[in-house]
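Please find below a short note on the model under review.

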Amino acid sequence: MTSHSIRHGSDREVFVVYGALLVLLAATVGLAQVNFGWGNYWVAVCIASLKSLLILLYFMQVRRSRSLIGLFAFGTLLWLGILFGFIFADFTTRT
Amino acid sequence: MLRSDGPAGAGVTMELRQQPFPVDDHPDEQYVTLTQQQETAELGMWLFLATEFLFFGAFFAAYLVYRYLHSRAFELASERMDLVAGTINTGVLLTSSFTMALAVASVERHETRRVGRFLLCTIGLGIVFLGIKGMEYFHKFTERLIPFAGWDFAPGGATRAGEMAFFNLYFLMTGIHAVHMIIGIGLLSWITLAIWLGHLRRRAATVVHNVGLYWHFVDLVWVFLFPFFYLVGAH
């Protein structure tokens, strides 16, 4: 075996993901022109989450890595969830 | 198979930077396999990135609190943002992640020259981003939208406090993001120089990959910063 890199790079995948990210950028700016009220926030957050999922899985190669990396990458969401959860539980329920 | 010669023949007379990356055959002594060593380095970077997620996460939590409390003010303040500059900047940063991913793919295929070019593109795009950001900051100054103590803050009325909160968060979060960009550009410059000078021969794939992880993370943070500051409410 002559090559010892963890994984082999694929250019085509990089191009496809980049194209998808640009499309999502256009979508998020375009949809922001329409008034959905509070829906605007959720549309923006959903599209941003989709973009970050693409970046995480493909550019940061979480998809091709071992599960422990995935645990670190997405496990952080658990801790963020605790942070956001308790903060919102507090101030949104103050009388 | 270790290639120490290039097309010119005897490796000794060839310039360092034109030699291909040598294949790294042995791990350092505390590792069993090379794959284990590479994965350990990668995991170390991910652990650091996890702390960075929490670091930025706290700022986003603060943002969401103030947005909830001053939703109308945040919409008004967001309309004062330069959407064109923000959109272009997002495109610039996504493209820099694209060139970074191409650099990582190239280094895994041991393509010395292409790696250097892609890294330089990434650095260039990072500098463009910072330039546009600096221009935006300057415009905030001329439009009197800087909410710091002792500064003249233009917006008045009932939403003034909320708009001040928005711009405080804007400068804080994009400022810290810009610091991370500068650090990222520094790291990229270091590895580009190291690869060019032939210093990063054995560990090139791992190092480029890990710096790439940091850079993608900085891009990821901006992916959330952009809608939260530029796309609040409808435009």
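The numbered points that follow treat the interface, its charged pairs and the pocket in turn.

1. The structure is a predicted model, and the remarks below should be read accordingly.

2. Extent of the interface. Chain B places 56 residues in contact with 52 residues of chain A. The area buried between chain B and chain A is about 4,800 Å², and carbon and sulfur atoms give 74% of this area. Within the area that chain B buries against chain A, 13% is supplied by Trp46(B), Phe98(B) and Glu108(B), more than by any other three residues.

3. Polar and charged pairs across the interface. There are 6 residue pairs in polar contact across the interface of chain B and chain A, with both residues at pLDDT 80 or more. The count of salt bridges between chain B and chain A is 3, whereas the structure holds 12 salt bridges over all chains.

4. Asp11(A) and its arginine partners. Which side chains meet that of Asp11(A) in salt bridges? One is the side chain of Arg109(B), at 3.3 Å from N to O. Because Arg109(B) lies in the loop between α3 and α4 (112–142) of chain B and Asp11(A) lies in helix α1 (residues 11–31) of chain A, this pair joins two chains. The side chain of Arg114(B) also forms a salt bridge with that of Asp11(A), at 4.0 Å from N to O.

5. Make-up of the chain B side. The elements of chain B that give two or more residues to the side touching chain A are α1 (34–69), α3 (83–108) and α6 (204–230). Of these, α1(B) gives the largest share, 20 residues. By class, this side of chain B has 34 nonpolar, 13 polar and 9 charged residues.

6. The largest pocket. How much space lies in the largest pocket? The volume is about 790 Å³. The lining consists of 31 residues, and the closest to the pocket centre are Ser49(A), Leu77(A), Leu80(A), Phe84(A) and Phe224(B).

7. Two or more lining residues come from each of α2 (39–59) and α3 (67–91) of chain A, and from each of α1 and α6 of chain B. The largest share, 9 residues, comes from α3(A). By class, the lining of the largest pocket has 23 nonpolar, 6 polar and 2 charged residues.

Note on methods. Residues are numbered from 1 along each chain as its sequence is written. Chains are lettered from A and ligands numbered from 1 in the order in which they are written. This is a predicted model: local features need pLDDT of at least 70, side-chain atom pairs count only at pLDDT 80 or more; totals for chains, interfaces and linings use all residues. Side-chain values use heavy atoms; hydrogens and water are left out. Contact means heavy atoms within 4.5 Å. Buried area is the accessible area (1.4 Å probe) that two parts lose on being put together, summed over both. A polar contact is a pair of N or O atoms within 3.5 Å; within protein, one must be able to donate a hydrogen and the other to accept it, and residues adjacent in sequence count only if both atoms are side-chain atoms. Helices (H or I, at least four residues) and strands (E, at least two) are DSSP runs, numbered from the N terminus. Ala, Val, Leu, Ile, Met, Phe, Trp, Tyr, Cys and Pro count as nonpolar, Asp, Glu, Lys and Arg as charged, and the others, Gly among them, as polar. On a 1 Å grid over the protein atoms alone, a cavity is a set of points where a 1.4 Å probe fits but cannot get out, and a pocket is an open set with protein on both sides within 12 Å along at least five of seven lines; lining residues have an atom within 4 Å of a point. Grid points are joined across faces, edges and corners, and a volume is the space filled by probe spheres set on the points.
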